[in-house]
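Please read them with the structure open beside you.

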Amino acid sequence: MKVCITAQGATPESKVEERFGRAPYFILMDSDTGSFEAIANPYADGAGGVGPKAAQLILDRNAGALISGLLGGNAKAVLDAAGVAQYTYRSGGTVKDAFAEFRNNTLQKVG
Amino acid sequence: MKLAVASGKGGTGKSMVAANLAFTLAWTGEVTLIDCDVEEPNLHLFFPAPATTRDITIPVPSIVEFACKHCGKCAEFCQYGALTVLPDRVLFFPELCHSCGGCMLVCPKNAITEVSRRIGTLSTSVPMKGLQLITGTLDTGSPHAVPVIREAKTMAGHNTTVIIDTAPGTSCPVVEAVDGCDACILVTESTPFGLHDLQLAADVVSRLGIPAGVVINRSDGKDDQTIQFCTDHDLDIMMTIPFSREIAAIQNRGDLLTRARPEWQKDFCSIFFKCKALAGRER
């Protein structure tokens, strides 16, 4: 499964970005192979409606789960409808750290 | 002539100036007073009267599910993120929609129609001879102030003096309310915040090409910086209202300064003539 993690940079060593729609990068970690792919977020500086647009983007990239700090209501509605589980990570670490916690099942799932 | 009353800072006395100006002018001519502070309209408090109210709606898309092939073209087109297309359904977020109709145009299956969505109301009343009050009210939770303001402005008669009370601030609702007016009265107060926001508001109306003058309200007599700013920017100070407990008390009981103390009417008349001079037009 591909896990999308919002990031401040384009590598797994980058810090996790706590905002979803305006995150500079989305890092897609493959939980089976451990490989990753970075997507620059085209909506990071958008005027409005960036939450659902970013959600559509990661759905189109087949993300099965999302790890971020905060998620707006519209983005959450899209991800809920698509069955993408959302997890909160707000410990200030890197994408790698967040991914490790995800694998250890220690992240809080967004209700 | 169409006049706007704006301020930048909230609570400086926009509605007070607009209401007293309308009340004064209605003795001698036809006045339409429009409350375009649609998130918090309050002019009706000064002019209680039976009103006729109707809904204001905007067109929004409605997806005909059986015709939709979930191709995603509408979501791709929408700049506001109002549509999200999943493999089996389309999600629509009405509060993000700007009613542009683009999704209908790009849909290859004609699977989108438009339906009306209520965003607020428009009330009209005639509280006194010569005065029509139009109040735009935005529904709680709706972010679409601009279409309500636009609708309220179209209700004004053509042969009357129109006075538009705007929202505080300098964002879209204020720009929409002030746009197209012949002159603008900027109401400020003797505080650093009053001056700071006056500067912003003056900048907005100047960029819109609307001539403006200033009313200093609740003046404590220490208006040097405001006067300096107005001098530097060629803004006429049309009236200074003193900081007065008596005036505050008149306001607080829902009365009008020009009704309780008619001697003030000449000052409001003079604002009107100064605005007319600014606009360079005959009434």
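**Notes on the two chains**

1. Start with one pair in chain B. A4(B) has C184(B), a residue of β9(B), as its bridge partner. The strands involved are β1 (residues 2-6) and β9 (residues 183-189) of chain B; they pair in the parallel sense over four bridges. Keep in mind throughout that this is a predicted model.

2. β9(B) also pairs with β10(B). These two strands run parallel and are joined by six bridges. E189(B) is one residue to look up here: N217(B) in β10(B) stands opposite. Is β10(B) mostly covered or mostly open? Mostly covered: of its eight residues, seven are buried.

3. Now the whole sheet of chain B. It is open and mixed in its pairing, with nine strands in the order β3-β6-β7-β2-β8-β1-β9-β10-β11. The edges are β3 (52-63) and β11 (236-242) of chain B. Each has a single partner strand, so one side of each lacks a neighbour in the sheet. On average, neighbouring strands in this sheet are turned by 20° against each other, with direction ignored. When you inspect the strands, recall a general point: side chains in a regular strand alternate between the two faces of the sheet.

4. A helix lies across part of that sheet. Helix α11 (residues 265-279) of chain B lies across β1, β8 (161-165), β9, β10 (212-219) and β11 of chain B. The angle between α11(B) and β11(B) is about 165°.

5. α11(B) also packs against another helix. Its partner is helix α1 (residues 14-25) of chain B, at an angle of about 95° and with the axes 9 Å apart. The two helices are therefore roughly perpendicular to each other, because angles of 65 to 115 degrees count as such. From α1(B), the contact uses V17(B), N20(B), L21(B), F23(B), T24(B) and L25(B). From α11(B), it uses Q265(B), F268(B), C269(B), I271(B) and F272(B). By class, this contact of α1(B) with α11(B) has eight nonpolar residues, three polar and no charged.

6. Some overall figures for chain B. The secondary structure comes to 11 helices and 11 strands. Of the 283 residues, 52% are buried. The C-alpha atoms fill a box of roughly 70 × 40 × 35 Å along the principal axes. Take the contacts in chain B between residues at least 6 apart in sequence: 73% of them join residues at least 24 apart.

7. Turn to chain A and its sheet. Six strands make an open sheet with mixed pairing, in the order β3-β2-β1-β4-β5-β6. Which strands stand at the edges? They are β3 (36-40) and β6 (108-109) of chain A. Each has a single partner strand, so one side is left without a neighbour in the sheet. β6(A) runs antiparallel to strand β5 (residues 85-88) of chain A, joined by two bridges. Y87(A) has K109(A) in β6(A) as its bridge partner.

8. Last, a helix pair in chain A. The axes of helix α1 (residues 50-60) and helix α2 (residues 73-82) of chain A come within 7 Å and cross at roughly 30°. That makes α1(A) roughly parallel to α2(A). Their crossing is right-handed. α1(A) brings G51(A), P52(A), A55(A), I58(A) and L59(A) to the contact. α2(A) brings N74(A), A75(A), V78(A), L79(A) and A82(A). The contact residues of α1(A) with α2(A) divide into eight nonpolar, two polar and no charged.

Methods: Residues numbered from 1 in each chain as written. Chains lettered and ligands numbered in written order. Predicted model: local features only at pLDDT ≥ 70, side-chain atom pairs only at ≥ 80, totals over all residues. Heavy atoms only, no water. Pairing = 2+ DSSP bridges. Axes fitted to C-alpha atoms, helices over the stretch in contact; angles between N-to-C directions. Contact = heavy atoms within 4.5 Å. Parallel < 35°, antiparallel > 145°, perpendicular 65-115°, else oblique. Left-handed = near helix turned anticlockwise from the far one by under 90°. Nonpolar A, V, L, I, M, F, W, Y, C, P; charged D, E, K, R; others polar. Buried < 20%, exposed > 50% of the residue type's maximum accessible area, 1.4 Å probe, protein only.
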